[in-house]
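The sequence and structure come next.

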Amino acid sequence: MSFLDARKPLGLTNPKSKEQRDLLTGIIFSIANPFGIAFWGGIGGGFAAQIAGMPLIDKLVLLFVGFAVGAFAWCVGITVLLAWSRKFIGEKILRGIFTLSSLAMAYFALEMLWNLFRSTIYPMFQLGHDLR
């Protein structure tokens with residue numbers, strides 16, 4: 001569907017209220033992204049080593065506040081950057097980005113299905129073959 005949506009008119013001349021609603025939707029999706037948890041968790045390990053000599057409550061407060069501010073700033077910042085840069089990108093480039101993104105999603109979906117088949121279904125047939 002994403003590939004087909006890339007072929008539809010883009011409507012780059014959104015009314016101001018729709019742009020603000022799209023920006024808010026982007027911020028919410030960015031904050032709710034489960035990959036963000038892994039990203040910020042990875043950064044947290046390196047950060048925790050830097051604050052090793054502090055008392056525990058200070059560490060927890062600093063870590064929580066740092067993560068919350070950093071994650072929120074990243075989510076809002078990247079969304080604002082994308083919304084702002086969209087004004088400078090032409091329709092052909094935007095269609096190309098949408099098309100490449102949809103093809104990448106299709107590739108990863110097919111790869112995931114192949115790995116599922118290879119790791120679960122295929123071994124069941126091999127097990128039956130080994131018992132003969």
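## A nonpolar patch and its surroundings

Trp114, Phe117, Ile121, Tyr122, Met124 and Phe125 make a nonpolar surface patch of about 660 Å². Patches are made of residues with over 30% relative accessible area and no salt bridge, joining like charges within 9 Å and nonpolar side chains (Val, Leu, Ile, Met, Phe, Trp, Tyr) within 5 Å. A salt bridge is a side-chain nitrogen of Lys or Arg within 4 Å of a carboxyl oxygen of Asp or Glu, and accessible areas come from the Shrake-Rupley method with a 1.4 Å probe, where for residues only the protein chains shown count as cover.

The model is predicted: local features need pLDDT of at least 70 and side-chain atom pairs count only at pLDDT 80 or more, while totals for chains, interfaces and linings use all residues. Residues are numbered from 1 along each chain as its sequence is written, and side-chain values use heavy atoms, with hydrogens and water left out.

The protein chain has five helices and zero strands; helices (H or I, at least four residues) and strands (E, at least two) are DSSP runs numbered from the N terminus. Of its 132 residues, 10% are buried, where buried means under 20% relative accessible area, exposed over 50% and partly exposed in between (1.4 Å probe, protein chains only).

Ile121, a member of the patch, lies in helix H5 (residues 91-130) and is partly exposed at 33% relative accessibility. Ser102 is also placed in helix H5, but with a relative accessible area of 7% Ser102 is buried. The side chain of Ser102 reaches the backbone oxygen of Thr99 at 2.8 Å.

Gly70, Cys75 and Thr79 are the buried residues of H4.

The whole structure holds three aromatic pairs. Rings of Phe, Tyr and Trp (its six-membered ring) pair if their centres lie within 6.5 Å; planes under 30 degrees apart count as stacked, over 60 as edge-to-face and the rest as tilted. Two of the pairs are listed here.

| Pair | Centre distance | Plane angle | Class |
|---|---|---|---|
| Trp84 and Phe88 | 5.0 Å | 65° | edge-to-face |
| Tyr107 and Phe108 | 5.3 Å | 65° | edge-to-face |

Phe88 is exposed, at 58% relative accessible area. Phe3, in helix H1 (residues 2-5), is partly exposed at 36%. The C-alpha atoms of Phe3 and Phe98 are separated by 7.2 Å, although the two residues are 95 residues apart along the chain.

Technical notes
A polar contact is a pair of N or O atoms within 3.5 Å; within protein, one must be able to donate a hydrogen and the other to accept it, and residues adjacent in sequence count only if both atoms are side-chain atoms.
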